[in-house]
Amino acid sequence: MPNPTAAMLVIGDEILSGRTRDSNMNHLAKRLTEAGIDLREARMVPDEAAEIIAALDALRSRYTYVFTSGGIGPTHDDITADCVAQAFGVGIDVREDARAILATNYANPETELNAARLRMARIPDGAELIDNPVSKAPGFRIGNVHVMAGVPAVFEAMVEGVLPTLTGGAPLRSHSLRVFLAEGTVAGPLGEIAAANADVSIGSYPFQREGRFGCTLVARAQDTARLTSVAAEIRAMAEGLGATDILETPPDAALA
């Protein structure tokens, strides 16, 4: 049975302008891979309602799970919650359980929990809260969409809380071989191995170190026995092309 699928929607002008470097997609991809959920697509959109809603509608209809990051803070450009509500056709307002959780983050909530901060307690009707153990302001889940913060520490904490609630499949394992052969040298025979082993995903990732060209050849599959077999074919191919100092990382040492 195929694994569940997922998509990620990264929201924020600061990401697209280059002011902020996104690390959340990388973290989510690794954790989903470990859980047997295939991250199939990632999009980045600006803080524009039409763009966010269109992307949400496209992704949530195509994938098992959708994860968003960014746009649920206290400022005027934090519009993700409103866009999600609009995409699902539901209302949105400050919710008392979210307000109560948020209040625990302030010594004097009666004065510190101002109108701007209360924006972080606005939750679409029918959504379930996602715990935020770092700064208290909750994320939320509605349908198959999980709405989470953009701050990496908060995003990662939310992911850990969400993962146990998801249905996963078989983890994707990887077996890599680093060889000092130019990618153009291995391309032909590697393509032949890939064509003969369609059930195993095979990729090549070039690098240059100490003036030498090389590539890391990576095989990915759920079946460890098949993975080991195909990795042996790749190693034999590389050795046949003259590679000697091959650095091999088997599937028990690392995930994809």
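## Close-up views of a predicted protein chain

**Figure 1. The whole chain.** The secondary structure of this predicted model comes to ten helices and twelve strands. Helices (H or I, at least four residues) and strands (E, at least two) are DSSP runs, numbered from the N terminus. In this predicted model, local features need pLDDT of at least 70 and side-chain atom pairs count only at pLDDT 80 or more, while totals for chains, interfaces and linings use all residues. Residues are numbered from 1 along each chain as its sequence is written, and side-chain values use heavy atoms, with hydrogens and water left out. Along the principal axes, the C-alpha atoms fill a box of roughly 70 × 40 × 35 Å. The chain has 256 residues, and 43% of them are buried. Buried means under 20% relative accessible area, exposed over 50%, and partly exposed in between (1.4 Å probe, protein chains only). Among contacts with a separation of 6 or more, 69% join residues 24 or more positions apart. Contact means heavy atoms within 4.5 Å.

**Figure 2. A negative surface patch.** Asp-13, Glu-14, Glu-48, Glu-51 and Asp-77 form this patch. Patches are made of residues with over 30% relative accessible area and no salt bridge; like charges are joined within 9 Å, nonpolar side chains (Val, Leu, Ile, Met, Phe, Trp, Tyr) within 5 Å. A salt bridge is a side-chain nitrogen of Lys or Arg within 4 Å of a carboxyl oxygen of Asp or Glu. Glu-51 sits in helix α3 (residues 49–60). Glu-51 is partly exposed, at 38% relative accessible area.

Figure 3. Asp-47 lies in the loop between β2 (38–45) and α3. Asp-47 is buried yet has no salt bridge. What is the nearest side chain of opposite charge? Arg-119, 9.7 Å away. Beyond four places in sequence, Asp-47 touches Ile-11, Gly-12, Asp-13, Glu-14, Ile-52, Asp-77 and Ile-79.

**Figure 4. Asp-22 and its surroundings.** Asp-22 is in the loop between α1 (13–16) and α2 (24–35). Asp-22 and Gly-150 are 128 residues apart along the chain, and 8.6 Å separates their C-alpha atoms. Not counting residues up to four places away in sequence, Asp-22 touches Val-10, Ile-15, Met-44 and Ser-69.

**Figure 5. The loop at Ala-149.** Ala-149 lies between β8 (145–148) and α8 (152–162). Ala-149 is buried, with a relative accessible area of 12%. Pro-138 is eleven residues from Ala-149 in sequence and 8.4 Å from it, C-alpha to C-alpha. Outside four places in sequence, the contacts of Ala-149 include Asn-24, Ser-69, Gly-70 and Ile-72. Val-154, Phe-155 and Met-158 are also among them.

**Figure 6. Helix α4 and its end.** Helix α4 spans residues 80–88. Its buried residues are Thr-80, Ala-81, Cys-83, Val-84, Ala-85 and Ala-87. An α-helix has 3.6 residues a turn, so residues three or four places apart point the same way. Gly-89 follows α4 and has a positive phi, near 70°.

**Figure 7. Two loop residues with positive phi.** Lys-136 is not a glycine, yet its phi is positive, about 75°. Lys-136 lies in the loop between β6 (128–130) and β7 (139–142). Lys-136 counts as partly exposed, at 29% relative accessibility. Glu-210, also a residue other than glycine, has a positive phi near 50°. Glu-210 lies in the loop between β10 (201–209) and β11 (212–221). Is Glu-210 buried or exposed? Glu-210 is exposed, with a relative accessible area of 81%.

Notes. Areas by Shrake-Rupley, 256 points an atom, 1.4 Å probe, with all protein chains shown as cover. Lys, Arg positive; Asp, Glu negative; His and termini not counted. Charge placed at Lys NZ, Arg CZ, Asp CG, Glu CD.
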